[in-house]
Amino acid sequence: MRRSVCALAFTMFMAGCANFPQLNPGAAPSEAPQRASGLKTLEKELSAAKERNARLETRVSESARKIERLNEEIRGLKQKNNSLGATLERLRRENIIARSFPASSPPRRPMRTPKPAPGKPPATPKKPGRASITPQALYNKSYRAVRDGKTEAAIRGFRLFLRLFPKSQLAAHSQYWLGEAYYALKQYPEALDEFLNLITRYPNSRKVPDAYYKRGLAYIRRNFPLNATLEFEKLVESFPSHPISKKARVQLQNLRHFTRKKPDDKK
């Protein structure tokens, strides 16, 4: 009986194994064409993407060339604008100077006008062109005004110089001679201010010792001996070997009977 049961179970097991599907790699032959089709689709999409990328690169390159041309045009326009701005500034300075200074006097020996030939009308003289003013020309003109005693014209000239050319190498000298012009007019408060402007704005100028000395003289003229003493002492202490310090020491000897006190606040 037991043998019969075992034989029956073995028979059923073998029948089940016969019906079980075999694990064969080539059991699904229909999947290979599908994969090949997918690869071709991907290759087509990749090729299309490359074409689109090439077209975009071409457009970007063309846009870059256009931008470069526009930048060149902008640089050219800026150069023209700067040139026009410089021309307008020069014309503005010439206009200011023409209004500030009177017309120059005629020369001592006027040139004789040649007589026209008979039968020909006299030629109309050409007006001389007005050259662009330079810092040196304006300084020279203002300095000649000081030398010739035209003090008010010199003040206008030096003030104009400091307004137009504040960073010029002649600015410190213009500041000093502006103070000298006020000193010559006996306008001592104004002279003190201008000399102080020189000392504070141009401390490295070689005219600083002269400004200290003239401030001391201006205080003497205003009857402020203590203030004058301080100015001369500053000069001697700051510039002991300067030639004008000898004059300051003489002034200090003349003021020796005044005691050292706090100077008046007035100028």
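Which residues is Tyr213 in contact with, leaving aside its neighbours within four places in sequence? Tyr213 is in contact with Phe232, Leu235, Ile244, Lys247, Ala248 and Gln251, where contact means heavy atoms within 4.5 Å. The legends below begin with the whole chain and then turn to close-up views.

**Figure 1. Overview of the predicted model.** This is a predicted model, in which local features need pLDDT of at least 70 and side-chain atom pairs count only at pLDDT 80 or more, while totals for chains, interfaces and linings use all residues. Residues are numbered from 1 along each chain as its sequence is written, and side-chain values use heavy atoms, with hydrogens and water left out. The protein chain has 9 helices and 0 strands; helices (H or I, at least four residues) and strands (E, at least two) are DSSP runs, numbered from the N terminus. Of the 267 residues in the protein chain, 27% are buried, that is, under 20% relative accessible area, whereas exposed means over 50% and partly exposed lies in between (1.4 Å probe, protein chains only). Among the contacts in the protein chain with a separation of 6 or more, 55% join residues 24 or more positions apart.

**Figure 2. Helix 8 and its packing partners.** Helix 8 has 14 residues and reaches 20 Å from its first C-alpha to its last. This span is close to the 20 Å expected at 1.5 Å a residue, the expected value being 1.5 Å times one less than the number of residues. The helix is mostly covered, with 10 of its 14 residues buried; among them are Pro225, Leu226, Phe232 and Val236. The buried residues of helix 8 pack against helix 7 (208–221) and helix 9 (243–254).

**Figure 3. Surroundings of Glu231.** Glu231 lies in helix 8 (residues 225–238). With a relative accessible area of 5%, Glu231 is buried. Apart from its neighbours within four places in sequence, Glu231 is in contact with Tyr212, Arg215, Gly216 and Tyr219.

**Figure 4. The largest nonpolar core.** A nonpolar core is a set of buried Ala, Val, Leu, Ile, Met, Phe, Trp, Tyr and Cys residues joined through side-chain atoms within 4.5 Å. The largest one has 43 residues, of which Phe161, Tyr213 and Phe232 touch the most other members. At least two residues of this core come from each of helix 3 (135–147), helix 4 (151–164), helix 5 (171–184), helix 6 (188–201), helix 7, helix 8 and helix 9. In soluble globular proteins, nonpolar side chains tend to be buried together.

**Figure 5. The salt bridge between Arg159 and Glu194.** The structure holds 5 salt bridges, each a side-chain nitrogen of Lys or Arg within 4 Å of a carboxyl oxygen of Asp or Glu. In the one between Arg159 and Glu194, the closest N and O atoms are 2.8 Å apart. The pair links distant parts of the chain, with Arg159 in helix 4 and Glu194 in helix 6, 35 residues apart. Arg159 is partly exposed, at a relative accessible area of 37%, whereas Glu194 is buried, at 7%.

Figure 6. Glu180 and Lys214 form a salt bridge whose closest N and O atoms are 2.7 Å apart. This pair also links distant parts of the chain, Glu180 being in helix 5 and Lys214 in helix 7, 34 residues apart. Both Glu180 and Lys214 are buried. The side chains of Arg147 and Asp148 meet in a salt bridge at 3.8 Å, N to O. Arg147 counts as exposed, at 55% relative accessibility.
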